[in-house]
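Dear colleague,

I am passing on the structure that we discussed, and my notes on it follow below. Please read them with the coordinates open.

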Amino acid sequence: MKLFWSSRSPFVRKVMIVAYEKGLVDRIERVRTVVAPTKPNADVMALNPLNKLPTLIRDDGTPLYDSRVIAEYLDDIGSGPRLFPASGADRMEALRRQALGDGTLDFLLVGLSERARPAEQQSSDLKAALALKFTTAFDALEREAAGLEASPFGIGHVAIGCACGYADFRYAADDWRKGRPALARWHESFAKRPGYEPTTHADVY
């Protein structure tokens, strides 16, 4: 398989952590790729019209996107415990947690884009809304920590762990750990899993 990949992308990291968990990392060729809203990548768009990472090319040449779909595909074909429960309440809980982690990443990425704009063009209203979302989202994750510790490791854990890791990478000054000891303790244990260290973010193309 081939993965359009960037060390800067939290959604790529999410997929790669799943690959490590499922024993598939050696089957995935990582292709360093740059995509940007203002600079469409022709190679990516030929396979993924959304021009986004990650995009996975399966062994038969067909593409998969986005991270939620790729992660579930890898869960299906890999070995080890399931990260996506098959059905019922356990599946809904795993998907809810994935949505919480992915949604946190969504607004962190919006904030990063806003910060990249010239200061005089930045929206004070948007920045205030994003700051409020940061607080409410990480407060919610603090409340989630006990449930994460008590439940079998799954896709929700991966998504939430990646959100915390991306906040460390791009929002270190905001210190999501402050006042959130349970989440900090859980993330410390998550960081010991096999795929975390090898997928550490790097600000390079």
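Which residue in E2 does Trp5 stand opposite? Trp5 stands opposite Arg32; strands (E, at least two residues) and helices (H or I, at least four) are DSSP runs numbered from the N terminus, and two strands pair if DSSP finds at least two bridges between them.

This is a predicted model, in which local features need pLDDT of at least 70 and side-chain atom pairs count only at pLDDT 80 or more, while totals for chains, interfaces and linings use all residues. Residues are numbered from 1 along each chain as its sequence is written, and side-chain values use heavy atoms, with hydrogens and water left out.

The open sheet has four strands in the order E2-E1-E3-E4, with mixed pairing, and its edge strands, E2 (29-32) and E4 (63-64), each pair on one side only. Strand E1 (residues 2-5) pairs with E2 in the parallel sense over four bridges.

There are 18 salt bridges in the structure, each defined as a side-chain nitrogen of Lys or Arg within 4 Å of a carboxyl oxygen of Asp or Glu. One of them joins the side chains of Asp75 and Lys22 at 2.9 Å, N to O; because Asp75 lies in helix H3 and Lys22 in the loop between H1 and E2, the pair ties together parts that are 53 residues apart in sequence. Asp75 is buried at 1% relative accessibility, where buried means under 20% relative accessible area, exposed over 50% and partly exposed in between (1.4 Å probe, protein chains only). Lys22 is likewise buried, at 1%. A salt-bridge network links Lys22, Asp75, Asp76 and Arg82.
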